[in-house]
Amino acid sequence: MLNSDIFRVLTLQDYNTRVVLCGTMLFGACGGIVGAFMLLRKKSLVSDVASHAALPGIGLAYLILEALSPGTGKSPVWLLVGAAIGSASGLFCAGLIQRTRLIKEDAALGIILSVFFGFGIVLLSVVQSLPTGSAAGLTEFIFGKAAALTAADVTTIGVASVIIMLACGLLFKELSLLCFDDAYAAALGWPTWWLDLLLTTLVVAVTVIGMPSVGLLLVVAQLVIPPTAARFWTDRHSVLTIIAGVLGSLSSAVGILVSAVIPRLAAGAVIVLAGTTIFLISMLLGTRRGILWNWLSQRESHRRIGQLDLLRACFEVLEREHSSTSGLEGDPGTMPLTFEQLQAARSWTAARLRSILSVATSDGSIRQGADAQYRLTSEGMRLARRATRNHRLWEMYLIHFAQTAPSRVDREADEIEHVLAPELVEQLEELLEQDRVRTRLPPVSPHAQLT
Amino acid sequence: MFTEFFKRLSVWEGIDTWIAVTGALAAMACALPGTWLLLRRQSLLGDALSHAVLPGIVLAYLGVSWMEEIGWLAAPATGSGAARVAEGMSLVARRQLALFAGAALSGVFAAVLSEVIQRWGRVERSAALGVVFTSMFALGLLLIRLFADRAHLDPGCVLYGNLEATAFNRLGDTTIPQAVIVNGGMLLVNALLTLLFFKELRLSTFDPDLAAAQGMRPSLISVALMSVTAATVVAAFESVGAILVIAMLIIPAATARLLSDRLSTILFLGIVVAAVGSVLGHVMAITLPAMICSRLGMPQVEDASTAGMMTVAACGCFLLAVFLSPRHGMARAWYERWRLKLRIVREDLLGGLFRREEAASSQPHAANRQATVGDPVRLSWFQRLGRQSLIRQGLIDSGSHGDSLTESGTAAAQDLVRSHRLWESYMARHFALPDARLHDTAEKVEHFLGPELQAEIAAELDQPTMDPHGKVIPTPPERL
């Protein structure tokens with residue numbers, strides 16, 4: 001394809017591209033929004049069943065229309081109505097099957113999905129043997145044919161998506177509560193049964209309007225992938241819903257444009273794979289749960305814990321060294337520490353200790369003198385004092401209030417000392433009410449008292 | 001109608017037998033792993049797996065046709081008899097091996113990917129599965145569209161197979177279709193694995209913790225089950241396609257589950273249902289659509305997709321089981337409920353009649369001694385049914401003045417009223433209930449007190465003769 005053609009497509013100069021783009025983006029947004037509710041309700045795959053169950057509805061609608069007046073079978077509106085009826089009755093039957101109690105939800109959904117689809121295949125093969133009925137118009141519903149969307153189709157999709165979005169917007173609070181805690185919603189006296197029915201209806205509606213563009217096999221992707229991707233960016237449900245809508249229409253747009261540039265690619269599959277790409281990017285870079293972000297914050301907290309451990313080790317070594325003489329009130333610059341002393345204080349490998357020390361040096365809490373010995377700076381001394389104090393406060397708390405054996409408190413305090421907030425430290429002080437605590441010195445280690 | 005059915009069925013030929021056998025073998029092979037998946041509540045995983053293996057299969061098809069092109073895999077040579085069959089066999093084996101490898105690779109890839117998404121991204125399980133299997137399915141469809149001319153894969157066949165065509169794809173110059181060998185082999189392998197690892201599978205399915213404590217490795221068993229499922233799906237793929245194979249995995253197992261509570265019986269019944277459903281499916285495919293459509297003015301319709309009809313037939317078996325299963329069927333539940341309701345209505349009628357006769361006998365006027373069951377018109381249809389059965393069994397006499405209890409009727413009624421009044425006495429002794437409330441509970445409990453409970457209550461209350469309302473507690477004649 002010529003570059004000028006690609007340029008034409010990408011700048012939306014074709015009326016047709018604009019129409020198709022509009023229709024699929026609206027569907028993408030609706031799919032993301034409704035899918036966000038289904039994700040929280042942990043029923044993401046319901047729409048998969050809804051879409052497969054639509055096939056016999058489509059086939060029957062065609063056959064009935066043909067039987068009534070031959071040649072009118074491919075009226076898109078009636079086929080969509082048939083699809084909606086098929087989906088709804090599929091979900092209804094799945095509910096019935098679950099009432100046998102021996103067949104659980106997953107099996108019930110699988111049965112409905114495959115049986116309805118199988119019946120649909122039977123009907124399609126019947127349609128195919130009719131003289132009027134190359135099943136071409138119907139297989140489009142299976143695989144989708146976004147490029148063939150007409151302005152009339154897009155108007156239908158547009159009206160439906162405005163209604164869907166309005167319903168989601170007006171009943172946002174109610175639907176959210178249903179998804180988070182349906183028992184609570186029922187206890188408040190809300191009609192949860194009707195709300196659930198409404199949500200299912202919305203799913204069916206989205207599934208049906210998506211069928212002409214992405215096809216019934218892949219419709220479910222537009223309800224599952226964008227909300228799951230959006231989950232990596234936020235913890236707020238309202239924001240999640242909006243992001244899911246945006247990502248949904250973004251993936252639709254990308255898919256349509258790519259398949260317009262390369263016509264051999266089926267639009268439905270490209271839309272889904274565009275969504276998958278967005279999902280993978282979100283999973284890597286997302287600000288709330290993204291892998292990269294998690295890794296960075298874990299590394300940061302690992303670093304911080306290393307620093308606090310180092311400072312406490314310094315303090316404890318110095319405390320031992322100088323307990324008989326002047327105490328620790330003097331200038332920390334006069335109190336050198338060797339690498340070996342520090343390494344003996346905790347179970348650090350030499351490499352780990354060296355890296356922690358270099359971080360501490362660059363932070364300015366420790367200086368390395370010309371004699372290769374380390375000295376705390378006054379700022380370092382302050383931090384070390386605080387770290388030791390937190391540790392010992394928590395140890396005291398464990399011994400006095402949690403009945404922990406003194407020999408075990410060190411390990412447990414080790415885990416929590418890094419996350420003690422200043423307010424918590426104050427509370428601990430009040431609780432322990434020890435005179436020693438009120439001084440700026442750390443309390444004596446309970447282990448020292450024992451020995 | 002039946003003559004038409006048999007007329008349409010009479011076109012059955014050898015090839016139809018092979019189609020039915022192929023479908024039955026595929027379904028039976030799927031039924032075994034499907035049962036385990038169902039019992040482990042992992043049916044959704046089978047669903048996801050059957051979608052996710054698509055790109056692997058497409059790539060394997062491409063690889064095979066590429067290898068045939070460059071001559072690594074020769075097309076069957078001319079020859080005769082056993083030599084050609086053997087060559088055909090080895091060709092099938094090699095091709096199937098490539099497909100298994102491709103499918104297994106993409107199945108494992110999908111499993112690992114969804115695990116990674118679930119763990120690293122902290123995404124809920126079904127959503128993670130949904131993301132992975134729709135993406136891989138889309139990728140597979142895209143590959144088919146791109147290389148359709150080279151892989152000889154029709155997107156339609158991928159979804160619902162082409163059972164009719166696979167039956168023509170024969171082994172050498174025999175009439176045995178290749179798919180029979182492939183699916184029959186898979187069935188044998190699955191049956192063998194189930195027999196060999198029955199204990200491990202059973203324990204890890206019902207109590208994975210105990211299995212782990214006994215030194216089995218539930219996670220390993222789970223992975224093995226997944227791999228076998230993937231292989232079975234691939235074997236059945238050519239015949240029934242990616243979506244209908246889900247029906248083969250789930251429906252026979254679900255049907256068998258409704259019919260029995262014993263594991264070995266469920267496994268066996270699953271295979272039987274699979275076979276019956278498949279054969280029935282082909283019979284239906286070549287008869288029903290034509291019969292229905294010719295009446296609707298569409299005589300052109302000859303038959304319909306066998307694979308699709310097989311799922312419909314299997315679903316028919318499932319529905320039959322839902323209604324008629326001897327232990328869990330709806331019909332039995334309805335029947336039991338109906339019988340209980342009828343018994344309660346009959347007993348209530350007897351009790352009411354007894355009380356009226358009792359009240360009448362305490363009246364001085366002999367003219368009123370004849371009690372009636374009440375105006376029959378005012379009874380509900382169900383009560384009328386109960387009254388009819390009481391008359392038929394000779395518990396009630398319907399005279400011209402109204403109904404009266406016969407001797408055996410009186411005995412039955414006394415038994416019931418005894419239960420009622422004993423329960424009232426018991427409640428009055430042990431619970432601080434107002435007298436007016438005693439009646440309601442006794443009205444319910446009276447139907448369920450057997451002679452043993454009656455005797456126990458009577459013994460505990462020191463053989464009372466009066467109930468709290470001051471009425472006599474009757475004693476049936478045979479217990480005097």
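The crossing of helix H12 of chain B, H12(B), and helix H14 of chain B, H14(B), is left-handed, a term for a near helix turned anticlockwise from the far one by less than a right angle, with right-handed for clockwise. This is a predicted model, in which local features need pLDDT of at least 70 and side-chain atom pairs count only at pLDDT 80 or more, whereas totals for chains, interfaces and linings use all residues. Residues are numbered from 1 along each chain as its sequence is written, while chains are lettered from A and ligands numbered from 1 in the order in which they are written. Helices are DSSP runs (H or I, at least four residues), as strands are (E, at least two), numbered from the N terminus.

**Packing of H12(B) with H14(B)**

- H12(B), which covers residues 218-259, packs against H14(B), residues 306-324, at an angle of about 15° and with the two axes 9 Å apart; that makes H12(B) roughly parallel to H14(B).
- Axes are lines fitted to C-alpha atoms, for helices over the stretch in contact, with angles from 0 to 180 degrees between N-to-C directions; angles under 35 degrees count as roughly parallel, over 145 as roughly antiparallel, 65 to 115 as roughly perpendicular and the rest as oblique.
- On the H12(B) side the meeting residues include B:Ser239, B:Leu244, B:Ile251 and B:Leu259, and on the H14(B) side they include B:Ala307, B:Thr311, B:Phe318 and B:Val322, where contact is a matter of C-beta atoms, placed from the backbone, within 7 Å.
- Sorted by class, the contact of H12(B) with H14(B) holds 15 nonpolar, 5 polar and no charged residues, with Ala, Val, Leu, Ile, Met, Phe, Trp, Tyr, Cys and Pro taken as nonpolar, Asp, Glu, Lys and Arg as charged, and the others, Gly among them, as polar.

**H17(B) and its partners**

- The axes of helix H15 of chain B (residues 330-362) and helix H17 of chain B (residues 407-430) come within 9 Å and cross at roughly 95°, and that makes H15(B) roughly perpendicular to H17(B).
- Among the residues that meet there are B:Glu347, B:Leu350 and B:Phe354 in H15(B), and B:Ala412, B:Leu416 and B:His420 in H17(B); by class, this contact has 7 nonpolar, 4 polar and 1 charged residues.
- H17(B) also packs with helix H18 of chain B (residues 435-445), at an angle of about 135° and with the axes 9 Å apart, which makes H17(B) oblique to H18(B).
- The crossing of H17(B) with H18(B) is right-handed.
- In this contact B:His420, B:Trp423, B:Glu424, B:Met427 and B:Ala428 of H17(B) meet B:Leu438, B:Thr441, B:Ala442 and B:Val445 of H18(B), a group that divides into 6 nonpolar, 2 polar and 1 charged.

**Nonpolar cores**

- The largest nonpolar core has 218 residues, of which A:Val34, B:Val234, B:Val245 and B:Met248 touch the most other members, and its largest share, 25 residues, comes from H12(B).
- Such a core is a set of buried Ala, Val, Leu, Ile, Met, Phe, Trp, Tyr and Cys residues joined through C-beta atoms within 7 Å; buried means 20 or more other C-beta atoms within 10 Å, exposed 12 or fewer, and partly exposed in between, with C-beta atoms placed from the backbone.
- Residues up to four places away in sequence aside, B:Val245 touches B:Cys30, B:Ser50, B:Val233, B:Ala236, B:Phe237 and B:Val240.
- Another core, of 16 residues, lies apart from the largest one and has A:Leu310, A:Leu311, A:Ala360 and A:Leu376 among its members.

**Where the chains meet**

- In chain A, 49 residues are in contact with 54 residues of chain B.
- Helices H3 (46-68), H5 (105-128), H11 (219-230) and H13 (267-285) of chain A are the elements that give two or more residues to the side of chain A that touches chain B, and the largest share, 14 residues, comes from H5(A).
- That side of chain A divides into 33 nonpolar, 10 polar and 6 charged residues.

**Single residues**

- A:Leu202, found in helix H10 of chain A (residues 192-214), is buried, with 23 C-beta neighbours inside 10 Å.
- Between A:Leu202 and A:Ile164, which are 38 residues apart in sequence, the C-alpha to C-alpha distance is 6.5 Å.
- A:Ala387 lies in helix H17 of chain A (residues 378-401) and is buried, with 23 other C-beta atoms within 10 Å.
- A:Lys42 is not a glycine but has a positive phi of about 55°, and A:Lys42 is found in the loop between helix H2 (15-40) and H3 of chain A.
- B:Arg41, in a loop between helix H2 (14-39) and helix H3 (43-52) of chain B, has a positive phi near 55° although it is a residue other than glycine.

Key. Contact = placed C-beta atoms within 7 Å.
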